Amino acid sequence: MSIGSTPAADLVSQAPAGQSLRFFTPHEARTVEAVMGRIMPDDELGPGAVEAGTVSYADHTLAGVEQGNQTRYRAGVKLLDAACRARFGHAFADCGHVEQDAMVSDMAAGSVPPVTGAAEDLDWAVAFFELLREHTLEGMFSDPVHGGNRDLAGWKLLGYLGPQPGYSHEEQQLDAVVVRDRIFTAADYPLEQAGERP
Amino acid sequence: MTESGERADVCIVGLGPAGATAAYALTAAGMRVVALDAGPRRNKDEYRLDELSDSVFERASLGPKFNAELQTWRRSPTSPTQPATYSLGKMNNGVGGTVVYSAWLRRYAPGDFRVRTDTIARYGEEALPTGSAVVDWPIGYDDLEPYYTQVEQITGVAGIPGNIRGEPVAGGNPFEGYRSEGYPLPPLRSAGLSELFGDAARGAGYHPYPVPAGINSVPFDGRPACTYCGFNAFFGCHIDAKSTVDLTFVPRAERTGNLEIRTNSRVIRVTTGDDGHATGVDYQDVNGNIRHLEASIVILAAYTFENVRLLLLSTSDRFPGGLANAHGQVGKYFTPKQLPRVLGILPGRALNRFTGPSAQGTIMDDLLGDNFDHTGLGFVRGASMGVIQQSQPIAAAKDTTPPDVARWGRGFKEHLVRNWNSTFAIEAQPENLMYEDNFLDLDPVVRDRSGLGLPVIRITFQQYANELAIIDFVRQRSVELMRAMGVEKTWPGPTLTGVGSSHDLGGLRMGTDEARSVVDQDLRAHEVPNLYVMGGAVFPSCPGINPTLTIQAVALRAAERLAQEWARGRGL
């Protein structure tokens, strides 16, 4: 499927349910989600970045506190697509996983051949990979208030219980099993309002 | 003039650990203090247990001023200038200062105040590295001991003392100086990882002890005990169990009725009169208006970078190169601290480091300072090292990966899922000597984004062979200890961990030689008799020990002496 012929409605439908994009274009969202899905893939160990909604986190963040990184994403997606077209004949999001992994591997290693428009900045691929990786991990493992970690998928993957009010001395010993009724989030604080005290 | 025409006895710039501790002593002596802080006054209900917005805390409301004026960095005067990098994070503005600190409140050891004398006596002058600027402090441990004790008692430090009035105490740090009192609170709990490290360290002949922490191990001073929630460093405490100065020294100063706090008030220069005395400060108030506060005494108590910057920005006909800078000493003898780590995995074991504060841990000073014989090692001084609690998912995921694990994809995910609760580090705090060529000045190009467009601080810093050798040495010892703990695979973190470290010391050195220092042993500027500087900027050295307790003890001593002089009617 080529980008030009992809109906925007289809792309929006791939965005997290009930959420519209605040910064990314539909194509950017689809591309960023695809890269993040390779950085943290869905596999037998559990859900990955796509399932945890990390692209929503990035979108929220770029529209908010990280507006300074907007141009890096806008340029990065274009360069990534150009590099993919030169190598595979189509944009990143339309590549298969094998091709996508090859491209992400080259980005991480800094071995993407120069593409048009990047002559003055040969390091774009490494820098863009690092930014995508950072946002993937933040989107997986940050509090859901920031738009990612959908259904607490990232925390459940690790067995993390969220910001619990406290732990006993026994729970701090090696190999102690920590069990709680529920996962806490930042929205549970301050505890006084929730009627709970540590 | 202030709007009411009032005149403060003392204007304190910055109400963090240095300024708050000084305010406590000055107001108790009856001096009327106006404290200006660039940030707000926060309370516990504003602190969320949210790793993203608080830990990467430039994203939250904690550091807008600091973030608008980030430092630049170059390795040497001939290297390109680039943005500075930060390890422990950036500083906060607000009453209490950097309330997200880890609250490791350790004393410097007696030898830390006389590094030059002791090093030459034991190893000869040639042991001092070329280009280094190693000096003794103008005051010693004996001068500070009563003030260390006072700060510990008021703060409520939790720990095991090692040396009470010359008597060794089991379980404490045998290398510490004598103390006139033990710690007011028992130590924080010992977690399983700490026990494992402690056993390995004792087995190797070392002397591990619990981190002395400014955290309530039991209820103290009307505040509750720590619940070990795991949100300490990089977070404000949501129940006030962490002892920050907005909860300790500031309320005591306020109760005297002699402290007025003006928040969101950012000082932009120290003003001086024709006689060369400071007359007060100009500051931008909460509404953006530039105002003047007249004061008999001005105390700069901001963070290192800002203290240096304010002096350099306070130019006048009489002080064309910046205030108190006739000898070109402002900004010299500066160093950040590096925080090298060795990481390792205890396969299949649950360490539960997501529990407990970062001040809950076990450390050892056997390889710190001159606590071991350096003959033949090729370097001087050393590092403290140990293990701590507090690991959260984003930090764990972003941490350095083992060399045989990719940084993305299925292998990376598997590593995270299987090992995130089995991974820990031995963290080291090496001493960093001062060097002639590591210094601060104003960036000639980059301006801040405060709206005022003032130059930012430019850091000139690189690591030298002595410090690289310390790091290499403690890494080897760390690997040995980890093997004894049952770790098979170890790997190092970065060698240069950041140019800003939150242990950024020097730049306004205290000393007796006016040509080689900026302030005297009482923290009074050599060139401006009613101007004082408090904070880490005045430190002549950077030992491998957290600086806050010493910052407070030095400030308390200076403030007490200032108050005594004031009482004698010095008529400034």
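1. Two residues are taken to be in contact if their C-beta atoms, placed from the backbone, lie within 7 Å. On that basis, among contacts in chain B between residues at least 6 apart in sequence, 75% join residues at least 24 apart. For chain A, residues 24 or more positions apart account for 55% of the contacts with a separation of 6 or more.

2. This is a predicted model, in which local features need pLDDT of at least 70 and side-chain atom pairs count only at pLDDT 80 or more, while totals for chains, interfaces and linings use all residues. Residues are numbered from 1 along each chain as its sequence is written, and chains are lettered from A and ligands numbered from 1 in the order in which they are written.

3. Secondary structure follows DSSP runs, numbered from the N terminus: helices are H or I of at least four residues, strands are E of at least two. Chain A has 9 helices and 0 strands. Chain B comes to 12 helices and 21 strands.

4. Burial is counted from C-beta atoms placed from the backbone: a residue with 20 or more others within 10 Å of its own is buried, one with 12 or fewer is exposed, and one in between is partly exposed. Buried residues make up 58% of the 572 residues in chain B; in chain A, 43% of the 198 residues count as buried.

5. The radius of gyration of chain B, over C-alpha atoms, is to be set against a globule rule of 2.2 Å times the number of residues to the power 0.38. A compact globule of 572 residues would have a value near 25 Å, and the 23 Å of chain B agrees with this. The C-alpha trace of chain B spans about 70 × 55 × 50 Å along its principal axes.

6. An open sheet in chain B is formed by 6 strands in the order β7-β14-β15-β16-β13-β19, with antiparallel pairing. Two strands pair if DSSP finds at least two bridges between them. The edge strands, each pairing on one side only, are β7 (209-210) and β19 (490-492) of chain B. Strand β7(B) is joined to β14(B), residues 361-364, over 2 bridges, and Y209(B) stands opposite I363(B) in β14(B).

7. Helix α6 of chain B (residues 192-203) packs on this sheet and touches β14, β15 (383-388) and β16 (423-430) of chain B; its direction makes about 20° with that of β14(B). Axes are lines fitted to C-alpha atoms, for helices over the stretch in contact, and angles run from 0 to 180 degrees between N-to-C directions.

8. A nonpolar core is a set of buried Ala, Val, Leu, Ile, Met, Phe, Trp, Tyr and Cys residues joined through C-beta atoms within 7 Å. The largest has 161 residues, and those with the most contacts inside it include A22(B), I299(B) and M534(B). Helix α12 of chain B (residues 548-567) gives the most to this core, with 10 residues. Not counting residues up to four places away in sequence, A22(B) touches I12(B), I299(B), A301(B), M534(B), A555(B) and A559(B). A second, separate core of 52 residues includes V35(A), A58(A), A153(A) and W155(A).

9. The contact between the chains takes 39 residues from chain A and 37 residues from chain B. On the chain A side, α2 (26-39), α6 (97-109), α7 (124-141) and α8 (153-158) of chain A are the elements that give two or more residues.

10. D151(A) lies in the loop between α7 and α8 of chain A. D151(A) is exposed because 12 other C-beta atoms lie within 10 Å. D151(A) and E51(A) are 100 residues apart in sequence and 9.0 Å apart in space, C-alpha to C-alpha.
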